[in-house]
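Q: Could you walk me through this model and say what stands behind each label?

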Amino acid sequence: MAEQVTGAGEVVGYRHDDEQVDPPLLSPGYVATETRAPKRPLIPIAHTLSEVTGPVYGHDRIGELDHDLTRQHAGEPLGERIILHGRVLDGDGRPVRDTLIELWQANSAGRYAHQVDDHPAPMDPNFTGAGRAVTDSEGRYRFVTIKPGAYPWRNHENAWRAAHIHISLFGTAFATRLVTQMYFPGDPLFYQDPIFNAVRGERDRERMISRFDLDETVPEWALAYNFDIVLRGREATPPDIH
Amino acid sequence: MPEMPTPSQTVGPFFHIGLPDISPELVSPDDPDAIRIVGTVFDGEGEPVVDAMIELWQANRAGRYAHPEDTREELPLEDGFDGFGRSGTDSEGGFEFTTVKPGVVPGPGGVPQAPHIDVSIFARGVLKRIATRIYFPDEADANAADPVLTSIEDPEERATLVAVEDDGALRFDIRLQGDRQTAFLAV
């Protein structure tokens with residue numbers, strides 16, 4: 001439904017999360033949700049100008065090497081070099097252009113360059129694990145990094161996180177804000193990872209798994225994975241703002 | 001043909017690596033209209049959440065969003081004000097932003113909305129962005145007519161969205177659970 005807004009034309013809202021795709025905030029297998037998931041029902045609101053607008057971060061905020069996590073230090077990080085690429089699409093399959101992607105990850109040994117991480121795996125002085133990119137005019141992005149290792153956590157007895165890369169996107173509006181995790185195909189840890197499995201639908205979980213992409217590998221240099229990210233779509237055809 | 005969205009996942013405990021505090025100061029503290037918004041995030045046991053991240057999104061003091069879909073060109077944009085702020089919580093669960101009070105923005109049917117700031121909350125143990133709004137204590141009349149505030153029937157729950165004066169700042173504590181849980185919005 002579109003709403004009339006004085007002086008701002010029509011506001012076309014985004015599709016609300018129908019609680020089918022996203023994980024429920026209370027997911028008992030993931031222990032930390034027990035004290036952090038709101039218990040009262042969320043209050044539904046109609047989208048207004050406040051929700052269909054959002055932060056605009058363009059190419060001017062990005063440094064030349066921000067997309068290459070293997071070239072941020074004096075030496076090269078250890079691990080399996082990979083190219084991670086894909087497109088950011090809206091809910092109608094159209095490219096989301098000029099939008100900021102931020103990512104962070106563990107090193108190849110499964111340790112984060114973070115003071116809170118006390119996993120006794122080696123740090124890598126040549127790897128911070130943070131990258132940024134802005135999509136091009138067709139919604140494409142490309143990172144160069146190393147494949148992160150799996151790591152233990154204390155959620156349950158002998159718990160290990162499936163290898164993953166955290167990805168944060170703004171999209172076009174406050175309503176489209178998304179933080180997700182990208183996984184690797186065939187990971188043997190999926191079945192016991194309650195964060196991955198908090199997403200209830202099997203096909204929905206599959207949309208968090210990247211695809212090995214032989215075509216984009218660079219011979220003698222790096223493997224490649226493809227990962228398209230789809231943000232929420234709109235209730236109706238929006239005004240063309242580009 | 002609609003595409004199914006990519007599901008949300010938690011930011012986990014290590015987001016500081018990749019999500020720096022972009023701008024807890026949306027304006028300079030020297031700005032004559034600068035206000036400080038402070039708060040603490042609490043979990044269901046009343047413990048401070050030391051690994052949360054808060055983001056703000058707001059219109060400028062004239063009520064204009066720095067975004068191409070806010071086409072009200074009669075309202076000025078401000079150089080250097082992009083309306084976005086981000087801060088992690090500290091070792092006591094606290095956060096602090098410096099900003100200006102936004103102007104009035106139209107809502108459904110052209111009904112004016114009371115001045116407000118959109119808020120996103122991320123944390124370890126939080127599987128998708130939690131959204132809420134900050135309203136202002138010196139806007140009692142506007143708040144009483146605001147479409148979002150008036151849609152909340154319980155006055156105590158409604159009051160959780162209105163910041164309180166606190167020693168020259170505005171305090172907006174966020175309680176994720178419990179009897180005094182903050183009202184959260186399905187955006």
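**Labels and their cut-offs**

A: Start with a bridge between the chains: A:P44 has B:A186 in β12(B) as its bridge partner. Strands here are DSSP runs (E, at least two residues; helices are H or I, at least four), numbered from the N terminus. This is a predicted model, in which local features need pLDDT of at least 70, side-chain atom pairs count only at pLDDT 80 or more, and totals for chains, interfaces and linings use all residues. Residues are numbered from 1 along each chain as its sequence is written, while chains are lettered from A and ligands numbered from 1 in the order in which they are written.

Q: What makes β3(A) and β12(B) a pair?
A: Two strands pair if DSSP finds at least two bridges between them. β3(A) and β12(B), residues 185-186, are joined by two bridges and run parallel, so they count as a pair.

Q: How do you know which residues of chain A are in contact with chain B?
A: The test is C-beta atoms, placed from the backbone, within 7 Å. It gives 70 residues of chain A in contact with 64 residues of chain B. Among the elements giving two or more residues to chain A's side are β1 (2-4), α1 (33-36) and β5 (100-105).

Q: Why is B:L75 called partly exposed?
A: Buried takes 20 or more other C-beta atoms within 10 Å, exposed takes 12 or fewer, and partly exposed is in between, with C-beta atoms placed from the backbone. B:L75 has 17 such neighbours, so partly exposed it is. B:L75 sits in the loop between β2 (52-57) and β3 (84-88) of chain B. Leaving aside neighbours within four places in sequence, B:L75 touches B:A62, B:G63 and B:R64.

Q: What makes β2(B) mostly covered?
A: Six of its six residues are buried. On one side these are B:A52, B:I54 and B:L56, and on the other B:M53, B:E55 and B:W57.

Q: Which strands pair with β2(B), and in what sense?
A: β7(B), residues 116-123, pairs with β2(B) in the antiparallel sense over six bridges, with B:W57 opposite B:D118. β3(B) is joined to β2(B) by five bridges, also antiparallel, and there B:L56 stands opposite B:G85.

Q: Why are β6 and β11 of chain A called edge strands?
A: The open sheet of four strands has the order β6-β5-β10-β11 in chain A, with antiparallel pairing. β6 (130-134) and β11 each pair on one side only. Five bridges join β5(A) to β6(A), and A:W104 has A:A130 as its bridge partner in β6(A).

Definitions and conventions:
Two residues are in contact if their C-beta atoms, placed from the backbone, lie within 7 Å.
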